Amino acid sequence: MRSRIASFYAILLVCVIAVVAIVLTVQLRSILLDEARAKIDRVGTDIGQVVRGNSLGAIGDPLTIQAELTATGSLDHWSSPTSFVEIDAPNGYPEGKSTNMGGATFEPTTASRSQAVQYRIEQRPSLGAVLVRDEFVQSSGVALIVKVGESLAIYDQTLQRIRVLLAIVVVLAVAFVIAGSFAVASSALEPIARLGAAMGEIRSDRLSRRLGWSERGDELGTLAQSFDAMLDRLEDGFARERQFISDASHELKTPLTVINANAQMLERWADRNPEVRAESLRAIREESASLAVMVNGMLLLAKAESGDDDIPREPLALDGVVADAVRGALPRAEEKHLALTFSPAERNGAGGPLVRGDAHLLRQLFTNLIDNAIKFTEAGAVSVAVSVDAGIAFVTVVDTGTGIDDESLGRIFDRFYRGDASRNRAIAGTGLGLAIVRSIARVHAGSVTVARCPAGGSAFTVTLPTFTSPS
Ligand code: ADP
């Protein structure tokens with residue numbers, strides 16, 4: 001990780017410096033060439049004026065001017081250690097040059113061309129690279145090619161020196177960046193390594209440990225806080241699992257003990273006492289049936305609690321799902337001579353609410369509520385209604401039964417909780433029905449609440465978010 005960060009920055013820096021170096025060199029070269037060009041322009045123009053007789057007013061005669069200019073040493077007036085001057089005949093023959101050119105001459109050019117002034121870079125054996133300006137100058141009776149050259153050696157040297165300087169800067173910068181990135185990456189990654197080690201030490205049996213980096217105000221502090229929050233949730237989840245297993249074992253123990261005791265009775269008395277045999281068989285059948293109901297309830301609860309991702313999200317007409325549950329409960333209501341009524345939200349042709357979810361789970365939710373209402377009502381009615389308000393569907397199950405005492409009111413949704421009245425009166429149940437109702441409501445982004453009816457009985461209200469069909 002460290003070397004990757006360091007090499008990334010080193011490569012980035014080299015690229016940046018390379019781009020800067022290229023731009024700088026190109027710019028500098030053009031500035032230096034402009035400067036050399038301005039210099040030879042000045043000299044060239046000056047000689048041109050002389051040829052045209054403007055500066056040598058006294059001499060005046062063109063032929064005399066030509067002779068003067070081409071005489072040995074006379075062009076030295078315009079030359080300098082880096083500037084060279086040469087005068088050629090129109091056919092390209094060199095007629096005179098500054099003495100600093102020694103035996104060298106510029107490349108021959110002739111006067112037959114479209115432009116009077118031309119520039120080019122020439123590579124001359126003893127002069128090196130030279131920027132040459134040649135101008136065809138014609139004045140009454142005189143025709144000359146005036147060539148002025150500026151040695152580019154000094155400019156090339158300057159560029160070369162800048163290139164060397166840039167290379168040194170690149171090497172130093174890369175070394176500095178690699179060392180710096182290593183140092184910064186090390187100090188930045190060190191807390192991550194510590195975080196990793198701390199995370200590695202946390203196992204399922206040590207979930208109470210926390211990183212406690214809340215004082216760190218940076219991203220790692222936030223990460224550690226999220227990790228601690230995740231541990232809180234995990235610890236809570238594990239605690240709930242443990243509680244569930246202990247509650248479930250406790251609840252399963254009672255029917256198992258009864259089955260075991262009755263099996264022993266059968267072993268001992270079955271041959272001799274037919275009454276005991278019949279009673280024991282009945283007890284075993286009832287307890288195993290209630291065991292099956294409880295195990296089913298636990299499986300359903302596990303499914304409902306497994307989370308939002310696992311359940312299907314089909315579009316469902318809520319009226320239809322509730323009507324199914326009501327229809328299924330009708331025989332049990334009739335058995336107890338209770339009126340079971342259903343009032344759907346869809347009336348006078350107006351469409352009922354649509355919800356997204358698992359039809360089987362939602363039907364189970366309403367069945368549990370309606371079954372409880374029937375179970376805890378001896379006389380009167382159970383009424384079920386669906387309504388909608390501001391995008392929320394409400395399903396109410398109201399009964400005229402025993403009602404729920406204050407103590408139970410806050411606990412009836414807990415797993416395995418059964419009110420005293422139901423235990424004492426030996427009303428069948430597992431204490432899982434309402435826990436299942438709450439879990440199913442939650443995974444459908446809904447809720448369930450209970451209230452005591454002033455006239456006696458209880459009212460359960462389930463809320464579910466609705467959606468509008470695109471069609
Ligand atoms: P179970 O019905 O199997 O006992 P539930 O979780 O369905 O378990 O209900 C928990 C407790 O809540 C019941 O034992 C009962 O005391 C109380 N309860 C539930 N529904 C009603 C109701 N409609 N009227 C009165 N009490 C109820």
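Good morning, everyone. Let's start with the ligand: the space it takes is the largest pocket. By pocket I mean, on a 1 Å grid over the protein atoms alone, an open set of points with protein on both sides within 12 Å along at least five of seven lines. A molecule sits in one if more than half of its atoms lie within 2 Å of its grid points.

Before going further, a word on the model. It is predicted, so to speak with care, local features need pLDDT of at least 70 and side-chain atom pairs count only at pLDDT 80 or more, while totals for chains, interfaces and linings use all residues. Residues are numbered from 1 along each chain as its sequence is written, and side-chain values use heavy atoms, with hydrogens and water left out.

Back to the ligand, then. Which residues come nearest? Among the 21 residues around the ligand, they are N372, K375, D399, T430 and L434. Being near here means having a heavy atom within 4 Å of the molecule.

Two of those names return in the polar contacts, which are pairs of N or O atoms within 3.5 Å. The side chain of K375 places an N or O atom 2.9 Å from an oxygen atom of the ligand. For D399, a side-chain N or O atom is 2.9 Å from a nitrogen atom of the ligand. G419 takes part through its backbone, with a polar atom 3.1 Å from a ligand oxygen. As for cover, the ligand taken alone exposes 520 Å², and the protein buries 96% of that; these areas come from the Shrake-Rupley method with a 1.4 Å probe.

What is the shell made of? It divides into eight nonpolar, ten polar and three charged residues. In this scheme Asp, Glu, Lys and Arg are charged, Ala, Val, Leu, Ile, Met, Phe, Trp, Tyr, Cys and Pro are nonpolar, and the others, Gly among them, are polar. At least two shell residues come from each of α7 (359-375), α10 (433-443) and β12 (458-465). Of the elements, α7 gives the most, with three residues. Helices here are DSSP runs of H or I with at least four residues, strands are runs of E with at least two, and both are numbered from the N terminus.

Now for some backbone detail. Most residues other than glycine have a negative phi. F416, which is not a glycine, has a positive phi of about 65 degrees. F416 lies in the loop between α8 (406-409) and α9 (420-424). Is F416 buried or exposed? It counts as buried because its relative accessibility is 5%, and buried means under 20%, exposed over 50%, and partly exposed in between, with a 1.4 Å probe and protein chains only. A445 also has a positive phi, near 60 degrees, and is not a glycine. This residue sits in the loop between α10 and β11 (447-452), and A445 counts as exposed because its relative accessibility is 60%.

Finally, some distances, all C-alpha to C-alpha. F182, in helix α3 (residues 153-201), and S3, in helix α1 (residues 2-51), are 179 residues apart in sequence and 6.9 Å apart in space. F182 is partly exposed at 35%, and S3 is partly exposed at 44%. S3 and A143, by contrast, are 140 residues apart in sequence and 71 Å apart in space. E95, in strand β2 (residues 94-97), is 230 residues from A325 in sequence and 119 Å from A325 in space.

Notes: Polar contact = N/O pair within 3.5 Å; in protein donor to acceptor, adjacent residues only side chain to side chain. 1 Å grid on protein atoms, 1.4 Å probe; cavity = no way out; pocket = protein on both sides within 12 Å on 5 of 7 lines; lining within 4 Å.
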